[in-house]
Amino acid sequence: MNDYLQRARLDLDELTAIRHDIHAHPELGFEETRTAELVAGKLREWGIETVTGVGKLGVVGTIVGKRGGKQGGKSKDGKSSAIGLRADMDALAMTETNALPHASRHAGVMHACGHDGHTTMLLGAARALARDPDFAGTVHLIFQPAEEGRGGALAMLEADLFSRFPCDRIFGLHSYPTMPVGTFGTRPEAFMSASGRWQVTFSGTGGHGGMTPHLASDLTVAQANFVLGLQTIVSRNVPPDQTAIISVGHIQAGDPQAMNVMPAKLHISGTMRAFSAEVQALLERRITEMAHAHAAIQGATATVKCWWNAATVINDAAVTQAAVAAAARVVGDDAVNADMQRLTAGEDFSWLMQKRPGAFVFIGNGVRQGDGGGNLHMPNYDFNDEAIPYGVAYWLSVVDGELGTAAGD
């Protein structure tokens, strides 16, 4: 076992207990009051300078290495003097189906994306770095609220994150169930797609579905043709060498207790993904055009809203190389995929990467059976505790590579 993993395992029992506690008490974005208090409490308990309320509920801990160094701005030899390590804290609006001792105690809310594990692994790194800050420079531990589409990264930027906590480079990490525990994956340049959302409201007269359907503007027909039309945007409007996705996630109209009433309003919404600004604009335009066109055919109207809750994750080539090297120091070259395929998952760490060069990597969570063995955003998912020491070790290796002995200091 290498030194990074040895250091990571010193607090494993405590970290596992923390992870289970966070999982049992999930909180949605910008509601992570308990989680933020837990994080801040642990950081202060370990003697780490801590600031709360950064972007509403964000927490930032700062550790200055015992070998000195500036707190922002690259040194003369081009090395980093301050870096940011980021974890997300929020849960999802889902009901957990796992029969686990630490399963969610809050109906309709669960940690289905591993953020409880991300927070725990960064706390583990904080504990180890506070115990032995053998590096030159500054590490900012960024615990972000509201990653799941509620604007947490933008809120922290609006709170002057990088002015208050200067970083030369930033690093992010996410669990990935289909990769074995003890492996990492990433790629330089465009890695994850921009993630957008759209909402359409069709409005019409409604009517009696049994006696006078001919007098109503049938919104269900407008919706049905609209959904079919959506399927042609990617196949017939997006260039074949580009990647894009449009999916419907929610449809609501009428009342199940009034099945003979044709609705006067119908709401439909979903998600969209793209890797380029040109395709993003195309998706917005075509969704809007189709909604208005299909509404007009039925004698109805449509209101449309489109927005992007995450930009494209573009890994800086040099920072990605440093991240790959950090992972390899923990698990070896063969367990690090430095040319992972692009993913159409969204990640709002992308907004932070527009302000500072950064790298985002995936850490193996392992395929398991039974309770806890689901994939991300599934009601039977649970972060794998076996991955905790690998995440902690990765963070320690990143610090060592940027500010410590592995950087050649």
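This report describes the sheets, helices, aromatic contacts and selected residues of a predicted model.

## The eight-stranded sheet

An open sheet of 8 strands runs in the order S1-S2-S4-S3-S5-S16-S6-S15, and its pairing is mixed. Its edges are formed by S1 and strand S15 (336-337); each has a single partner strand, so one side of each is left without a neighbour in the sheet.

At the S1 end, strand S1 (residues 49-54) is joined to strand S2 (residues 58-64) by 4 bridges in the antiparallel sense. Within this pairing, Val54 stands opposite Gly58 in S2. The hairpin of S1 and S2 has 3 residues between the strands, and Gly55 there adopts a positive phi near 70 degrees. Lys56 is placed over the face of Phe30, at 4.4 Å from the ring centre.

Elsewhere in the sheet, strand S5 (residues 169-176) and strand S16 (residues 358-364) are paired in the parallel sense, over 7 bridges. Phe171 has Ala359 in S16 as its bridge partner.

Two helices lie across strands of this sheet. Helix H4 (residues 115-131) lies across S2, strand S3 (82-88), strand S4 (138-144), S5 and S16, and runs at about 145 degrees to S3. Helix H9 (residues 317-331) lies across S5, strand S6 (184-185), S15 and S16, and runs at about 55 degrees to S5.

## The four-stranded sheet

A further open sheet contains 4 strands in the order S10-S12-S8-S13, with antiparallel pairing. From one strand to the next, the twist averages 15 degrees.

Strand S8 (residues 194-203) and S13 run antiparallel and are joined by 9 bridges. In this pairing, Thr201 is opposite Thr303 in S13. Helix H8 (residues 277-297) packs on the sheet and touches S8, S10, strand S12 (265-274) and S13; the direction of H8 makes about 160 degrees with that of S13.

Helix H8 includes Arg286. Apart from residues up to four places away in sequence, Arg286 touches Ile233 and Asn237. Glu289 is also placed in helix H8. Between the C-alpha atoms of Glu289 and Val304 the distance is 9.3 Å, and the two residues are 15 residues apart in sequence.

## Aromatic contacts

The structure holds 8 aromatic pairs. In one of them, the ring centres of Phe202 and Phe226 are 5.7 Å apart and the planes stand at 75 degrees, so the pair is edge-to-face. This pair links distant parts of the chain, with Phe202 in strand S8 and Phe226 in helix H7 (residues 219-236), 24 residues apart. Both Phe202 and Phe226 are buried.

One aromatic cluster is formed by Tyr176, Phe191, Phe349, Phe360 and Phe362. A charged side chain also meets a ring at Phe275, where Arg342 lies over the face at 3.8 Å from the ring centre.

Cys167 is buried, with a relative accessibility of 5%. Cys306 is likewise buried, at 19%.

Arg356 lies in the loop between helix H10 (349-353) and S16. Leaving aside neighbours within four places in sequence, Arg356 is in contact with Phe162, Cys167 and Ile170. Arg356 and Gly61 are 295 residues apart along the chain, and their C-alpha atoms are separated by 18 Å.

## Accessibility of selected residues

The table gives the relative accessible area of residues discussed above.

| Residue | Relative accessible area | Class |
|---|---|---|
| Cys167 | 5% | buried |
| Cys306 | 19% | buried |
| Arg286 | 19% | buried |
| Glu289 | 34% | partly exposed |
| Arg356 | 26% | partly exposed |

The cut-off for buried is under 20% relative accessible area. Arg286, at 19%, therefore counts as buried. Glu289, in contrast, has 34% and is therefore partly exposed.

Methods
Residues are numbered from 1 along each chain as its sequence is written. This is a predicted model: local features need pLDDT of at least 70, side-chain atom pairs count only at pLDDT 80 or more; totals for chains, interfaces and linings use all residues. Side-chain values use heavy atoms; hydrogens and water are left out. Buried means under 20% relative accessible area, exposed over 50%, partly exposed in between (1.4 Å probe, protein chains only). Two strands pair if DSSP finds at least two bridges between them. Axes are lines fitted to C-alpha atoms, for helices over the stretch in contact, and angles run from 0 to 180 degrees between N-to-C directions. Contact means heavy atoms within 4.5 Å. Rings of Phe, Tyr and Trp (its six-membered ring) pair if their centres lie within 6.5 Å; planes under 30 degrees apart count as stacked, over 60 as edge-to-face and the rest as tilted. A charge sits over a ring if NZ of Lys or CZ of Arg is within 6 Å of the ring centre and within 35 degrees of the ring normal.
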